[in-house]
Amino acid sequence: MTNSMRYILLILAFSCFSIHAQTTTDLSYYLPQNTTYNSEIPTPESVIGHQVGEWHITHDKLFSYMQVLAESSDRIQIENRGTTFENRPLLLLTITSPENHSNLEDIRKAHIASTENNNVNLENMPLVVYQGFSIHGNEASGSNAAMLVAYYLAAAQSNEVIDLLNNTVILFDPSYNPDGLQRFAYWANTNKSQHLNPDPNDREYDEVWPGGRTNHYWFDMNRDWLPVQLPESRVRIGSFHKWLPNILTDHHEMGTNSTFFFQPGIPSRTHPLTPKLNQELTKAIGNYHAKALDKIGSLYYTEENFDDFYYGKGSTFPDINGSIGILFEQGSSRGHIQESVNGIITFPFTIRNQFTAALSTLEAGKHMRKELLQYQHDFYKNARTEASKENGNAIVFGDEKDAAKTFHLAEILKRHQINVHELKSDFKTNGMQFRKGYSYVVPKNQKNIRLINAMFEKRTTFQDSLFYDVSAWTFPLAFGLDYAEDVSTGIAGSKIEDLQMQSGSVSSKSNYAYLMEWHEYYTPKALYEILSSGLRAKVGMNQFTINGKTYDYGTILIPVQNQNKSSEDLYDFLQTVAKESHLQIDAVSTGLTEGIDLGSNQFRALTQPKVALIVGEGIRSYDAGEIWHVFDQRYDMPITKLDTKNLSRTDLSRYNTIIVPSGSIDKSATENLKKWTQNGGTLIAYRNALRWLDRNEFIKLEFKKTTLVAKDISYEERGDFRGAQVIGGAIFEAKQDRSHPINFGYTNDKIALFRNNTIFLIPDKQSYNNPLQYTKNPLLSGYVSEQNLDSLALSVPFKVNRFKSGKVIMFTDNTNFRAFWYGTNKLLMNAIFFREEL
C-alpha cells in the first residue's frame, strides 16, 4: 500500500468517524451548560427511546413526551385543542412560572385589557410569546428542537430561567402540522441506513409524492392563517386571538445549501399596513439571534429572500394584529445527514440552530418586554383612533341568492374576532341588491379595523414588483360576493353572537315536481345525493316563471312520477337533502310555466358523476389536494385518486369524468387517457396541464406569445427583472355568459378569478364559445406587469372542445385555490354535472 493510499484511507476513516460523531449526540450538544437541570424532569431520551436527532421524531412520540413533561413539571400545562384530519391531537403547552399558572386567567385578561384601554400599567405585566414549529412537516428540525426547548424550560434551574418564566407566558405549539410530520418521519426513518450516507442522491433525501410538507389534503398550511379553512389553523388562530401574543415565531427549513435565515425580510416587500416600528423591533430581536448564532459558530443571514407581505403566513399574520411575527429558515438535512456547499450538514446541527433561535427569542423578549408590550398597546390605541374616524361607516357584503357562501365569509371574520351584524332589512346601493338573511354588515369602528382593511382591500400599486407569495387576497372577491364599503351603520341589525347557517326546507309536498335553483353553494352536494339515490333529475337550460317566481338558468327539476321512491318517500328524502345542504326546494303542481314548460326538451336529463382525480408524480400536489378536499369535505362526493404510476394500465371505463390538475403525465398513461376520452369520457384539465394537452394532441390550443427583452438591465438586476414578470397571485375580472352551463348558478355577468400563471389563451372566433372572457381592463387587485396585463386582456380562462365521442374541458386558472376561493368552486361543479351540455 502506498503512502498516498494510506492517507486516503485515513481521511475516509476520519470522515466516517466525524459523520458518526456528529449524528450521535447527547443533551450537552444542545443545552446551555450554565445551569443545573432538575433530575425529576424526564429527558426526551427517557421517553422516546433515543437521543434527539438520532431518529426523526414521530408525532405519537412527540405527543407522549409532551404529556409526560407536563405531568412532571409545575411550569407546564397542556391542552388538546382538537384533532387533525387524521385524528392526531393539536397540542398547546402553556409554559410559565408556577406562580403565574395559579393566576393565569387573570394574566390573560389583563393582557387583553391592555389592548383595549388607553391607560394601562405595563410595569409588571408578563410578555406573551407564541412559539410554533414545523408547519411544513418535512421541515422537521423545528419539532425535534421543540422537545429540547420544552425540556430546557421545564428543567433548567438557573436564576435566568426562573426570571424568564416569572415575566413570560409561553404558548408552545410543538407541531403545527402533525399529519405532515408523521408522514415525513416515517419516510426519513425507514430510509435511514445504519452507516449514514450523506450522498444527496440517496433515496432518503427524495421523498415520494406528495412528500411531508403538507397536511392530510396536501395543503400548505402556512398560507392558511388568514383564511382559516383547516382544523389545524382554526385552533391555532383561536389560541392567537385568545391571548394576542407579543411575539409569534414560525420555525421552518429551506434548501440544503442554505445557512440560517431570520427576519426581517426584504424591507421593500413589507405590506404597507404593517407599522414601520414593527420591522424595527423585528430587527432589534434579530440582534439577539445573531449573537446566539455567533456564539455557536453558525452562519446566518437576514433581510434577504423572504418578505412580510401576505398576511396569511405565520410570520406575517401577527404583524397586522399588533404582534411581531418572526420567520426562521434553517438549511435542511432533509434526512439525517447530507452534503452541502457548507460542508456536511447533520440533523442534530439543524436542530441545535432551531433550539438556539427559540432561546434567543425568549432572551430578546425578556430584555425587550416593556418595549414590546408598549408597542402592542400603542398598536391598538392607534387602531382605535383610526376606527373612531370611521364611526358610522360599515362594509356590507352578500349574495342575494346564496346564503351559504356569504355565511362562510362571515364565519372567517368571526374566527378573527371581527364583529359582524345582521342586515336590518333589504338594502340597495350602487346597483347591488343586499338581502336580509343573505348579507352581513361589518362596522368599521371596532378593535380589529386594521385586520378588516387587510382582508377587504383592493391594491394595485406596489413599492416592489417581487412577492414571495400572492399579492392579492380580497376576501369578498374570493367568495364571489357583492360588497360595498363606507355604507352607513344604520343598515345594521343586531350584532351576531352565535352565527348560524340558514336552515333548508321543502316548501310543501308535491305530486308533480320539485324545483331547486342552482345558486346556493351546496347545490352540488344536494344534486349528487339526489342522483346517487337513483332518482331522475334534469337541468333547465333557460329561465322560466312559475307561481310568480322566476327560475334562473340551471334550475334542477326533480319529477315525482316514475321515480324509485313513492311521492311520500321522495318528499321526506328531499326534506333531508334540503336541510343537510342548507337550501330551498320548491314544490310545484303543474308543468305549465311562462317560458320553457317542465316537460320541455330544454330540461336535459342528468347522470350521476363518477369522478377520478389524477395524482402522483408529475402533478402539482397542492392543486390535487384542493380538488380532493372540495369533493370530500364540502360536497360529500366520492372521488377516486388515480396515481400516475399506475395510470397506463388502469381500467378507466368506470369513470365518466377525470380531472387532471396542473402538471404533466407520461406518454403511456397519456395514451390510456386519450382512448378513454375518445370513447366518451370528459377530461377536465387545469393550468399547466393545458400545455400537456396541446403537446399530446388532445386539442390544438392557441396561446398568446409574449417576448421579454431586457433593456438597461444589469447582470445584478436580471433576477428581479425576470421575477417581475411572474404572476405570483392576483385577482382579475372576467365577463360571464350566464346562459352557458359553465356559468349556471351565478347571478352577475362578471366574475373575479384568481390567477398565478402566464398561460394566455386566444378566444374562439365564435363569441358563444367564449362564455368566460377576461375584460379589456381585467386587474381587480394585485400585481401584474404591464406586458402580462396586456396579454391577459380579452384572453379566455376556459375552453371546451369535442374529442371524438368525448370532451376536453380546460381551465387556465385554479378554481379551488387554497380552499377559500368559494366564488369559483361552482365552475368545476358545473363542468362535472353539466358536462354533457357543454
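Five of the six residues in strand β31 (residues 750-755) are buried, so the strand is largely enclosed by the rest of the structure. Buried here means under 20% relative accessible area, with exposed over 50% and partly exposed in between (1.4 Å probe, protein chains only). The model is predicted: local features need pLDDT of at least 70, side-chain atom pairs count only at pLDDT 80 or more, and totals for chains, interfaces and linings use all residues. Residues are numbered from 1 along each chain as its sequence is written, and side-chain values use heavy atoms, with hydrogens and water left out.

**Strands and sheets**

- Helices (H or I, at least four residues) and strands (E, at least two) are DSSP runs, numbered from the N terminus.
- Strand β31 runs antiparallel to strand β30 (residues 730-736), and six bridges join the two; two strands pair if DSSP finds at least two bridges between them.
- Within this pairing, E733 has A752 of β31 as its bridge partner.
- An open sheet is built from six strands in the order β17-β23-β18-β22-β19-β25, with mixed pairing.
- Its edge strands, β17 (505-506) and β25 (603-605), each pair on one side only.
- Strand β19 (residues 538-540) is joined to β25 by three bridges in the antiparallel sense, and G540 stands opposite F603 of β25.
- Strands of a sheet pair through backbone hydrogen bonds, either parallel or antiparallel.

**Hairpin**

- Strand β33 (residues 798-803) pairs antiparallel with strand β34 (residues 806-811) over six bridges.
- R802 stands opposite K807 in β34.
- Two residues lie between β33 and β34 in this hairpin, and K804 in the turn has a positive phi of about 55°.

**Largest pocket**

- The largest pocket has a volume of about 780 Å³.
- Of its 27 lining residues, P32, N34, K295, L359 and E363 are the closest to its centre.
- On a 1 Å grid over the protein atoms alone, a cavity is a set of points where a 1.4 Å probe fits but cannot get out, while a pocket is an open set with protein on both sides within 12 Å along at least five of seven lines; lining residues have an atom within 4 Å of a point.
- Grid points are joined across faces, edges and corners, and a volume is the space filled by probe spheres set on the points.
- At least two lining residues come from each of α2 (27-30), α7 (141-155), α8 (159-166), α11 (276-296) and α12 (347-367), and α12 gives the largest share, nine residues.
- By class, the lining holds 14 nonpolar, seven polar and six charged residues. Ala, Val, Leu, Ile, Met, Phe, Trp, Tyr, Cys and Pro count as nonpolar, Asp, Glu, Lys and Arg as charged, and the others, Gly among them, as polar.

**Second largest pocket**

- The second largest pocket has a volume of about 490 Å³.
- It is lined by 28 residues, of which G480, L481, D482, N748 and K750 are the closest to its centre.
- Two or more lining residues come from each of α16 (475-478), β15 (482-488), β30 and β31, and β31 supplies the largest share, three residues.
- This lining divides into 11 nonpolar, eight polar and nine charged residues.

**Aromatic pairs**

- The whole structure contains 54 aromatic pairs. Rings of Phe, Tyr and Trp (its six-membered ring) pair if their centres lie within 6.5 Å; planes under 30 degrees apart count as stacked, over 60 as edge-to-face and the rest as tilted.
- F309 and W473 have ring centres 5.8 Å apart and planes at 75°, so the pair is edge-to-face.
- F309 sits in the loop between α11 and β7 (324-331) and W473 in the loop between α15 (449-456) and α16, so the pair ties together parts 164 residues apart in sequence.
- F309 is buried at 5% relative accessibility, and W473 is buried at 4%.
- Y522 and Y635 also form an edge-to-face pair, because their ring centres are 6.4 Å apart and their planes lie at 75°.
- Both Y522 and Y635 are buried.
- One aromatic cluster consists of F309, Y310, Y311, F462, F467, W473 and Y783.

**Y571**

- Y571 is in helix α18 (residues 567-581) and is buried, with a relative accessible area of 16%.
- Beyond its neighbours within four places in sequence, Y571 contacts V506, S508, K509 and Y514, where contact means heavy atoms within 4.5 Å.
- Y571 and N511 are 60 residues apart in sequence, with a C-alpha to C-alpha distance of 9.2 Å.
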